[in-house]
Amino acid sequence: FETGKAMSAFDLYADGVYLGTRGRLPPEYYSRPQANQTILIPANLLEDGSVTIALRCYYNGSEAYFPGFRLVDDRQSEFVMHLQNLFNMRVYVILAVLCLFLGAYFISQFISRPDDKASIFFALSLLFIAIYFYDMGAERVLVDPLVQRAVGRASLSVSIGFLMLFLMSFFKSPGYKLATILVPADIAVFGLAFMLNAHDDSAIDFVFNLSLGPIFLVVILGVLIVLRAVKLKQKDAWPIFVGLIVGVGFGVHDIIYQVSGNDPFAWLQGFTFFSIDLAVFVAMASRSSRFQRELDGYMRETSEQRDRLSSLVASAEKLATDTSELAKA
């Protein structure tokens, strides 16, 4: 029995026999809507060629979505449980760990250079997107499931806000001071909205859909900022521009399926933001490498100048000695 990416938790019964659970019913309720699942129906229940399926469902919201159920064979079950859930869930946990690692790296960069605000903005963006990715991919919950979901969804808005501040700081874009006011305001408004609605799964989804407006606005502004940097021939703009284009492509995939009402093999929104983060990492690593080469060149030039100065001083000392001996003579 293939459950599809149903939003609710439920117990499955076949001819009155309990077969398994998707998620968990109260009092320890949780449901992972990103996960598809298959539950084995014993062969003896199918001997007469038919089976009566019953679901005992629970959903902590006002409206639940059921994409449809199917009876499938062993091969489809293996496909769902291993390959499909790899791309729908487990890969997001991998992305979360990668973002935590990169975030720690850029925090260390900021500690070594406290005047580099771009590094701390990008580090905070990575740390918050890691929270969002973990909530997307975790098969179990760490805290109350609705609180975890609300925090995860709010973290996406926070991450994109810090990404906006990073882009404006990194490329010295006009409007940076205004952004330092609008971004914290957006984070505060949606953070409060998520926490006030953390008791209702449907309400969390509604607030999340509202928060996507500013997020897509940031993506559009990000493209404009990077295009401006490309026109100004800034060397670090191209990797980020490519990452934005790839990310927008992933986003268009999800929008098409969302509008059509179909359920894709995997939602790619996580890859949208990770491709942007990866492109920014490449750009910052390239800039650091270039600065290091320039610093090495400056140090070599300084060393050569020091050697020439030492030689000049030695010559001056010899001349002073010769002059002194000549004066005595």
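Strand S1 (residues 9–14) and strand S3 run antiparallel to each other and pair over 6 bridges. Two strands count as paired here if DSSP finds at least two bridges between them. Helices (H or I, at least four residues) and strands (E, at least two) are DSSP runs, numbered from the N terminus.

A quick word on what you're looking at. This is a predicted model, in which local features need pLDDT of at least 70, side-chain atom pairs count only at pLDDT 80 or more, and totals for chains, interfaces and linings use all residues. Residues are numbered from 1 along each chain as its sequence is written, and side-chain values use heavy atoms, with hydrogens and water left out.

## The sheet

S1 has another partner too: S1 and S2 pair in the antiparallel sense over 5 bridges. Put together, 3 strands make an open sheet in the order S2-S1-S3, with antiparallel pairing. At the edges sit strand S2 (17–22) and strand S3 (53–58), each pairing on one side only. From one strand to the next, the twist averages 20°; the axes behind such angles are lines fitted to C-alpha atoms (for helices, over the stretch in contact), and angles run from 0 to 180 degrees between N-to-C directions.

Which residues does Ala 14 pair with? In S2, Ala 14 has Val 17 as its bridge partner, and in S3 it stands opposite Ile 53.

The hairpin of S1 and S2 leaves 2 residues between the strands, and there Asp 15 takes a positive phi near 50°. For background, most residues other than glycine have a negative phi, and most peptide bonds are trans.

The loop between S2 and S3 has a couple of things to look for. Pro 27 lies in this loop, and the peptide bond from Pro 26 to Pro 27 is cis, with omega near 15°. Asn 36 also has its place in the loop between S2 and S3. The side chain of Asn 36 makes a polar contact with the side chain of Glu 2 (2.6 Å). A polar contact is a pair of N or O atoms within 3.5 Å; within protein, one must be able to donate a hydrogen and the other to accept it, and residues adjacent in sequence count only if both atoms are side-chain atoms. Leaving aside residues up to four places away in sequence, Asn 36 touches several others, including Thr 3, Lys 5, Val 80 and Met 81. Contact means heavy atoms within 4.5 Å.

Because 24 of its 26 residues are buried, H3 is largely enclosed by the rest of the structure. Asp 144 caps the N-terminal end of H3, with a side-chain oxygen 3.2 Å from the backbone nitrogen of Leu 146. Just after H3, Lys 172 takes a positive phi of about 50°, in the loop between H3 and H4.

What does Ile 240 touch, not counting residues up to four places away in sequence? Its contacts include Phe 166, Phe 171, Val 226 and Ala 279. Ala 279 is found in helix H7 (residues 269–328), and it touches Pro 239, Ile 240 and Gly 243, again not counting residues up to four places away. The C-alpha atoms of Ala 279 and Asp 236 are separated by 9.8 Å, though these residues are 43 apart along the chain.

## Buried or exposed?

Buried means under 20% relative accessible area, exposed over 50%, and partly exposed in between (1.4 Å probe, protein chains only).

| Residue | Relative accessible area | Class |
|---|---|---|
| Asn 36 | 4% | buried |
| Ala 279 | 8% | buried |
| Asp 15 | 38% | partly exposed |
| Lys 172 | 66% | exposed |
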